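Let's walk through this protein together, one step at a time. Have the sequence and the 3D view open as you read.

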Amino acid sequence: MLRGIYRLAWKDVLADFRHRSTFSSMLFFSVAVLLVFQAAFEPNGPEAQRLVPGLLWTTVLFTTIMGLGRVFQSEEENGAFEGLLLTPLPRGALFFGKWLGNLVLSLLVMIMLVPLTLILFNVNIWHQLPLLLGLLFLGTMGLTALGVLLAAMTQTARSRETLLALLLLPLVAPLLIAGVQAMNTVIATGSAVGPWLNLLLIFDAIYLSLAPWGFGWLVEE
């Protein structure tokens, strides 16, 4: 089963790099958002440091939504979604394969996004870069898990990207708040340990345990 998950995720990542579709769109969008924020606020040192957590999570949220809107696009365009369901893999494995492919693309964008943010806003917290990336990794795990489930739910809708955003935003709000507060704690104290990190882990566990079950129920219906 693990090999099937890996192959499905690798197929999605490889196809995306061949067609230069989702990853390049996510990267250009995130850079554009940061440039607009920087030009609009032009924050100084302390103010920029205070704004970084919110700016990073806002950019990650909208960039991830852009990627989630295309999770099942190739299967829909080629009429291959039913074929995907006919594979001998369990429904949960199909979910984790699609989730892992989207997670890899999102993380590649973040690896470029965080250093760019620190450079654009002239914030000298480079020694905390691994912790910032770690928190974004944890938050993106839960965000993409719930997002893949909702993308499967809305894939046949006429305005699926709008509907996906409307459903996803209120459901991930607690996770985003936990992520922003945990990042504030890292910048202030240099440590991520605390109640906000625990809350982030709890939301990850909830989304990653319930989303595969919901996906299996949804495709059976």
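**A cluster of rings, and the helices around it**

Phe95, Phe96, Trp99 and Phe215 come together in one aromatic cluster. Keep in mind as you look that this is a predicted model. The structure holds four aromatic pairs. In one of them, the ring centres of Phe95 and Phe96 are 5.4 Å apart and the ring planes meet at 75°, so this pair is edge-to-face, a label used for planes over 60 degrees apart. If you wonder what those two numbers are for, a pair of aromatic rings is described by the distance of the centres and the angle of the planes.

How far apart are the ring centres of Phe96 and Trp99? They are 5.9 Å apart, and because the planes lie at 80°, the pair is edge-to-face. Phe96 and Trp99 both sit in helix 6, which runs over residues 91-120, and being three residues apart they are separated by about one helical turn.

Are these residues buried or exposed? Buried means under 20% relative accessible area. Phe95 has a relative accessibility of 0%, so Phe95 counts as buried. Trp99, at 10%, also counts as buried. Phe96 is partly exposed, with a relative accessible area of 27%.

Now find the partner that meets this part of helix 6. Helix 9, residues 195-220, packs with helix 6 at an angle of about 115°, and the two axes are 8 Å apart. Helix 6 passes helix 9 in a right-handed crossing. On the helix 6 side, the contact is made by Arg91, Gly92, Leu94, Phe95, Phe96 and Trp99. On the helix 9 side, the residues involved include Leu208, Pro212 and Phe215.

Next, move along helix 6 to another of its contacts. Helix 2, residues 22-41, packs with helix 6 at an angle of about 20°, with the axes 10 Å apart. Why are helix 2 and helix 6 called roughly parallel to each other? The term covers angles under 35 degrees, and the angle here is about 20°, so helix 2 and helix 6 are roughly parallel. Helix 2 passes helix 6 in a right-handed crossing. Among the residues that make this contact are Met26, Leu34 and Gln38 of helix 2, and Leu105, Met112 and Thr117 of helix 6.

Let's stop at Thr117, which lies in helix 6. Its relative accessibility is 0%, so Thr117 counts as buried. Leaving aside neighbours within four places in sequence, Thr117 is in contact with Leu34, Val52 and Leu56. The C-alpha atoms of Thr117 and Leu55 are separated by 8.6 Å, although these residues are 62 residues apart along the chain.

Our last stop is helix 7, residues 129-154. At 1.5 Å a residue, its 26 residues should span 38 Å, and the end C-alpha atoms are 36 Å apart, which agrees. Helix 7 is mostly covered, with 20 of its 26 residues buried. Val148 is found in this helix, and its relative accessible area of 0% makes Val148 buried. Beyond its neighbours within four places in sequence, Val148 is in contact with Leu68, Val71, Phe72, Phe95, Lys98 and Trp99.

Methods
Residues are numbered from 1 along each chain as its sequence is written. This is a predicted model: local features need pLDDT of at least 70, side-chain atom pairs count only at pLDDT 80 or more; totals for chains, interfaces and linings use all residues. Side-chain values use heavy atoms; hydrogens and water are left out. Helices (H or I, at least four residues) and strands (E, at least two) are DSSP runs, numbered from the N terminus. The expected span of a helix is 1.5 Å times one less than its number of residues. Buried means under 20% relative accessible area, exposed over 50%, partly exposed in between (1.4 Å probe, protein chains only). Rings of Phe, Tyr and Trp (its six-membered ring) pair if their centres lie within 6.5 Å; planes under 30 degrees apart count as stacked, over 60 as edge-to-face and the rest as tilted. Axes are lines fitted to C-alpha atoms, for helices over the stretch in contact, and angles run from 0 to 180 degrees between N-to-C directions. Angles under 35 degrees count as roughly parallel, over 145 as roughly antiparallel, 65 to 115 as roughly perpendicular and the rest as oblique. A crossing is left-handed if the near helix is turned anticlockwise from the far one by less than a right angle, and right-handed if clockwise. Contact means heavy atoms within 4.5 Å.
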